[in-house]
Amino acid sequence: MAGKMHMRLPVIDSLLAMVRNFRGISSNGKRGRAVEAVDKHSEMCSVHFQPQNKRRKEQTFLSVNSKYIVKMMNWLGKDEINAIGIYGMGGIGKTTLAKQLHIRVKDQEIHVTAWISVGMDFTVYQLQQKIADAFGFDLQNDKDVTRRSGMIYAFLSCKDKCILFLDDLWGEFRREEVGIPRKCKLVVISRMLDVCRMLRCQKIIRVEPLSEEEGMQLFHYSMGAYDVSNQELSVRNLVVNECAGLPLAVIALANIMKGAVNSPRWGEIVESVDPFSMGSTQLEDILGQLKLSYNRLNSAKLQHCFLCTALYPKGYPISKEELIRLWIGEGLIDEMSSWQEQYDMGHTILNKLLNSCLLESCQHTGIVRMHDLVWRMALSIDSNGLMVNDGLPSKLEFSGSLKFVSLINSSISLIPSDASLKCANLSTLILQQPFEVIPESFFFNMRALRVLSLSDTRIIRLPSSISALDELRVLDLSSCQKLQHVCPITQLYKLRFLDLSQTAVEEVPRSLEMLNKLTELNLSSITEPKILGVLPALSKLKKLSCHISGIIHELQVLESLKVLDARFDNLLDLSNYVRSQHWRTLECFHLQVGYRKRLKKSYSRAVSLQGCILSARGREQVAFPDDLLELYLDNCSGFSSLSDIVCGNNTENFKQQADVFSSLVKCTIRRCHDVEKLLSPSCMQNLPSLELLKVEECHKLRVLIVEEIGTHCHSEGKDAAIDLSQLKQLVLTSLPQLNNIYKGRLICAQLWSFTVIDCPNLKHLPFSNNMGDVKELITSLEWIEGQQKWWDSLELDGMESKALLTSFFRCRSSMDVC
């Protein structure tokens, strides 16, 4: 994610100041006047900013986010960048980072700066007054916003280098309406990414939670003279489990512990206390701050979507696609003619929640999480209608008012045989537990149920009462590995989604064609699905996942189908389907040979080949669809270079293959042990859209990009250059023979991550030949990661180059331990 970062060491004084700011207490004390008094009749430009001769009291800081401070200082020094955004959830340390930057800027005594706490629901008039007050500038009690704008504009225009730090900003404004000239730079501090974007911040940083060690550092500092070393492990568990990296919570926990540290029962208290028990003053204060972000969501439907996300336990990895299906089943996303449009709407909602820092992104792009304390905040909002049992209770006890119930991670292992719960209002039920039997009458009194997930249960069959769920839209039976038979479900007339993936079901459910409102169907675990005559009856089916065996004609008559996830027995069958041209009618597809691979995004255009022989003869047989976005080759043999596939092996085939791969965005090559060199410069030109290149466990690979013999190039060797303008991620893992990426230079203006793991012979980087290249690279770079031993042995041209790149290096071993 652009702007993503990780806190290194907390700045304790600034974090404490941030907490005081959250409670409405100023940490700045009295502001010194920055401008001398002027005669009201003087011209505006005669007012000159005078730096204070008296030096401010020197503050001592621990090192924190040093590389981001350096990066932001670099951004502020560029004329073309006039706005920087810093965002993150409430209490996470945004103000901390901004204050460090503010102090660094003031230390240089080059810029005129002002710190302005904006706040929620501000008006243009109020913001104008805050700016004037920050500079000690008199607006002469003028009430007209337009005239005030002119006065501010004239005043700020006289400043050669001016930076406004706008803290706690919740909404947008127009510069010209306030009176802020374009040459005046802004540093925007907000909880919402959208605010940073609306103010056209060219560079944006997200502040992440504290690490475990950083949290403990802050806790010990906040405890002051109180020694808790005798209960270090228990205290650490409290800090990690209850505070989850939120500085605001760490400081609150320390304040709670201070009151008990001298108790003779101190050890017992630490091990048993719930410092943020529901109803406690400390928790209410924290949740109150976090709830401001929830209240700021611009619609009741969006708030409803957020509360549904709390059905998953705290810290639980939530599948984006599963969450969107839940919203669709609940009717929170309207039906649309296009499958992709409906899921795009779901991703728009997800992005709003992510941008408001109510959800967190994960390294896996198909997964999101909810911060522990945000999760608690969500439960506190709808405690009567939402029940999430995270480890408790040991028996089923539902109240009739519940609308949403989740039993993920609960300790219930058996449903009583006579259980028939009266939940007339229940709309969503997630029973992802190791149940083996669900009583026959279990669902009779859940007539309003719309979403039912039995994923990951151990059931062998479905209870007959499932036929009573005539409002059911979503039925998820995925990963029920013991499920062998599905009873007739023809009475589920409103069913839109049915997932039978990773089950033991061998036959398509009887009378499946009766479910004529079905839009998504996953039969991928059924080896030979007998669906002749079934597909044409499913007139609204938009997405199908299944094994393709002799049903190409059936697919061609299914005009509603927009997404196909298909597995073929061999390359010949795949090529026959591609030549049928049916894929041209689809919005998205994933065509596979070999093992079943799950994409991070289900709406792509991908081909995955596993265990295939891509010899010269094989290349004549295999056909690829046009406009391919993703290519995965795993354990494939018979080819020594990816250029053989991308460029073909003859002139007649060259242009056709080049067109196929011209849209390729992601390419992963794994366990292809015949590959000795990956690509040639000319074939790289056939990949103008490539953003991710991942090469793993190719034991013979020596060179990533090899110069072509006999080509007439304008430059060779170190002077040669390849422009990979779209490349954002380069991942090289377990390549023991790799000794060179490219002899020349790779120009990667958008590269933001570079990973090298277990490549001991790689000693040079292809984008560090001169300082100009390095400086250009770090404008987009987020990190270089690899083993410390590899980094120490890396040879870069010039100490200054390595010094610049060192701040971006993060240590990671093959076991993710450093």
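1. In this predicted model, five strands form an open sheet in the order β2-β3-β4-β1-β5, and their pairing is parallel. The edge positions are held by β2 (112-119) and β5 (203-206); each has a single partner strand, so one side of each lacks a neighbour in the sheet. From one strand to the next, the twist averages 15°.

2. Within that sheet, the pairing of β3 (residues 162-169) with β4 (residues 185-190) may be followed in detail. These two strands pair in the parallel sense over five bridges. Leu166 is placed opposite Val188 in β4.

3. An open sheet of three strands is also present, with the order β6-β8-β7 and antiparallel pairing. Its edge strands, β6 (318-319) and β7 (360-361), each pair on one side only. Two bridges join β7 to β8 (residues 367-369) in the antiparallel sense, and Ser361 stands opposite Val368 in β8.

4. Two packed helices are described by the angle between their axes and the distance between the axes. For helix α4 (residues 124-135) and helix α5 (residues 145-157), the angle is about 35° and the axes are 11 Å apart. The crossing of α4 past α5 is left-handed.

5. Which residues make the contact between these helices? On the α4 side they are Val124, Tyr125, Gln128, Gln129, Ile131 and Phe135, and α5 supplies Val145, Arg148, Ser149, Ile152, Phe155 and Leu156. Classified by residue type, the contact of α4 with α5 comprises eight nonpolar, three polar and one charged residues.

6. A search of the whole structure returns five cavities of 30 Å³ or more. The largest cavity holds about 90 Å³ of space. Its lining consists of Tyr312, Glu322, Arg325, Leu326, Thr428, Ile430, Val451, Ser453, Val474 and Asp476.

7. Which elements give two or more residues to the lining of the largest cavity? They are α14 (320-329), β11 (428-430), β12 (451-453) and β13 (474-476). Of the contributing elements, α14 gives the most, with three residues. By class, the lining of the largest cavity divides into five nonpolar, two polar and three charged residues.

Notes. Residues are numbered from 1 along each chain as its sequence is written. This is a predicted model: local features need pLDDT of at least 70, side-chain atom pairs count only at pLDDT 80 or more; totals for chains, interfaces and linings use all residues. Side-chain values use heavy atoms; hydrogens and water are left out. On a 1 Å grid over the protein atoms alone, a cavity is a set of points where a 1.4 Å probe fits but cannot get out, and a pocket is an open set with protein on both sides within 12 Å along at least five of seven lines; lining residues have an atom within 4 Å of a point. Grid points are joined across faces, edges and corners, and a volume is the space filled by probe spheres set on the points. Helices (H or I, at least four residues) and strands (E, at least two) are DSSP runs, numbered from the N terminus. Ala, Val, Leu, Ile, Met, Phe, Trp, Tyr, Cys and Pro count as nonpolar, Asp, Glu, Lys and Arg as charged, and the others, Gly among them, as polar. Axes are lines fitted to C-alpha atoms, for helices over the stretch in contact, and angles run from 0 to 180 degrees between N-to-C directions. A crossing is left-handed if the near helix is turned anticlockwise from the far one by less than a right angle, and right-handed if clockwise. Contact means heavy atoms within 4.5 Å. Two strands pair if DSSP finds at least two bridges between them.
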